[in-house]
Amino acid sequence: ALAAARESAGKPCHMADGERVEVFANLASAADAARAVESGAEGSGLLRTEFLFLDRESAPDIGEQQREYQAIADALQGRPLIIRLLDIGGDKPAPYLPIAAEENPALGLRGIRVGFANPQVLDDQLRAILKVAPLGQAKIMVPMVAGVDELRRVRTALDRVKDELGIAEKVELGIMVETPAAAIGADLLAAEADFLSIGTNDLTQYTLAMDRGNPAVAGSIDGLHPAVLRLIAETCRGASRHGRWTGVCGGLASDPLAVPILIGLGVRELSATVAMVPEVKALVSRLTLDSVQVLAEKALACATAEDVRTLAREFAV
Ligand code: PEP
Ligand code: MG
């Protein structure tokens with residue numbers, strides 16, 4: 001099994017009938033990137049950049065960020081690297097980014113909203129990402145988007161910083177789908193975003209109105225809830241209307257029961273934990289598109305997350 005895993009590690013992932021599904025890894029450091037490549041990841045679908053910003057007295061400057069991103073890009077040896085813009089908020093505070101106490105941090109200043117409140121931090125991060133060579137390996141992803149106006153605001157900042165650095169080439173700018181608004185409005189966002197990647201952790205929390213950090217409800221949170229699946233289906237439909245791809249970089253991409261359903265709904269990129277990459281790749285290569293599309297239709301008609309899990313378990317055997 002180990003030899004087979006090594007053998008498939010260097011290869012792009014295809015379903016049994018040839019359909020291409022990219023299997024990427026989520027990263028939070030340069031060490032993760034080297035391990036991801038060894039595990040067979042085809043790139044990174046989510047670099048969580050918070051590791052550079054938390055537990056310190058001031059924001060990392062452009063040079064420090066650039067060195068970290070470059071080390072990760074180098075470790076990926078040319079594979080795509082999707083860098084998520086800083087995604088912190090009241091629940092993950094940084095002393096140099098003052099956020100007033102909030103009654104509902106999950107609904108307050110977080111994700112890209114923090115970037116808009118601190119434009120210097122946003123601009124510096126964009127500058128650092130644009131300095132990663134070769135240009136284009138690093139793509140930019142915006143967290144916690146609720147509407148097209150926010151995406152436009154980031155694109156305006158990106159265009160300004162590109163001008164300033166004399167960069168004319170296209171640099172991909174995608175969004176995370178983590179709010180019901182982004183899923184329902186996916187067609188509107190896909191008209192202006194280069195790709196959409198679903199953050200199922202937050203999308204589930206906001207759809208079910210259950211705080212992912214609250215132990216009283218965390219046990220009831222399941223991304224395979226039919227309402228979440230319907231939002232994923234809507235996201236894929238909206239993206240494909242504009243020829244954009246949809247990925248998943250939340251926890252569902254690492255859940256073997258969810259993977260066939262996600263592909264059946266139209267997802268073509270899965271960014272899993274580094275540890276789960278070999279298993280997800282092996283699983284995808286055993287699936288056929290026809291069978292997962294039938295499965296996804298049945299899942300969309302299920303009444304509860306438990307019913308979806310039962311369906312997925314029967315499919316797996
Ligand atoms: C998500 O919300 O699914 C996601 C990938 O982002 P994070 O877990 O970092 O909030
Ligand atoms: Mg999230």
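Ligand 1 and the fold around it

The shell around ligand 1 consists of Leu46, Arg48, Asp87, Glu178, Gly199, Thr200, Asn201, Asp202, Cys249 and Gly250. Two elements supply two or more residues each to this shell, strand E2 (44–48) and helix H9 (200–208). Helix H9 contributes the most, with three residues. A residue is counted as near a molecule or strand if its C-beta atom, placed from the backbone, lies within 6 Å of it. Helices (H or I, at least four residues) and strands (E, at least two) are DSSP runs, numbered from the N terminus. By residue class, the shell around ligand 1 holds two nonpolar, four polar and four charged residues. Here Ala, Val, Leu, Ile, Met, Phe, Trp, Tyr, Cys and Pro count as nonpolar, Asp, Glu, Lys and Arg as charged, and the others, Gly among them, as polar.

The model is predicted: local features need pLDDT of at least 70, side-chain atom pairs count only at pLDDT 80 or more, and totals for chains, interfaces and linings use all residues. Residues are numbered from 1 along each chain as its sequence is written, while chains are lettered from A and ligands numbered from 1 in the order in which they are written.

The protein chain as a whole has 15 helices and eight strands. Its C-alpha trace spans about 55 × 45 × 35 Å along the principal axes. The radius of gyration of the chain is 19 Å, which agrees with the value near 20 Å that a compact globule of 317 residues would have. That radius is taken over C-alpha atoms, and the globule rule is 2.2 Å times the number of residues to the power 0.38. Of the 317 residues in the protein chain, 45% are buried. Buried means that 20 or more other C-beta atoms lie within 10 Å of the residue's own, exposed that 12 or fewer do, and partly exposed covers the range in between, with C-beta atoms placed from the backbone. Among contacts between residues at least 6 apart in sequence, 69% join residues at least 24 apart; two residues are in contact if their C-beta atoms, placed from the backbone, lie within 7 Å.

The largest nonpolar core has 93 residues, and Val23, Ile175, Leu262 and Leu270 have the most contacts inside it. Helix H11 (residues 226–241) gives this core its largest share, seven residues. A nonpolar core is a set of buried Ala, Val, Leu, Ile, Met, Phe, Trp, Tyr and Cys residues joined through C-beta atoms within 7 Å. Setting aside neighbours within four places in sequence, Val23 is in contact with Cys13, Ala41, Glu42, Leu270, Ala272, Val277, Val280, Lys281 and Val284.

Strand E4 (residues 138–142) is largely enclosed by the rest of the structure, because five of its five residues are buried. Ala138, Ile140 and Val142 lie on one side of E4, Lys139 and Met141 on the other, and both faces are covered. Strand E3 (residues 81–84) pairs with E4 in the parallel sense over four bridges, and Ile83 has Ile140 as its bridge partner in E4. Strands count as paired if DSSP finds at least two bridges between them. E4 also runs parallel to strand E5 (residues 173–177), joined by three bridges; the partner of Val142 in E5 is Ile175. E5 likewise has five of five residues buried, so it is largely enclosed by the rest of the structure. Leu173, Ile175 and Val177 point one way from E5, and Gly174 and Met176 the other way.

Several loop residues remain. His225 sits between helix H10 (215–218) and H11 and counts as buried because it has 20 C-beta neighbours inside 10 Å. Beyond neighbours within four places in sequence, His225 is in contact with Thr204, Leu208 and Ala305. From Thr200, His225 is 25 residues away in sequence and 11 Å away in space, C-alpha to C-alpha.

Most residues other than glycine have a negative phi, and most peptide bonds are trans. The bond from Ala133 to Pro134 is cis, with omega near -5 degrees; Pro134 is in the loop between helix H5 (119–130) and E4. Asp55 has a positive phi, near 55 degrees, and belongs to the loop between E2 and helix H3 (62–75). With 8 C-beta neighbours inside 10 Å, Asp55 counts as exposed. Met144 has a positive phi near 60 degrees, in the loop between E4 and helix H6 (148–165), and is buried, with 23 other C-beta atoms within 10 Å.
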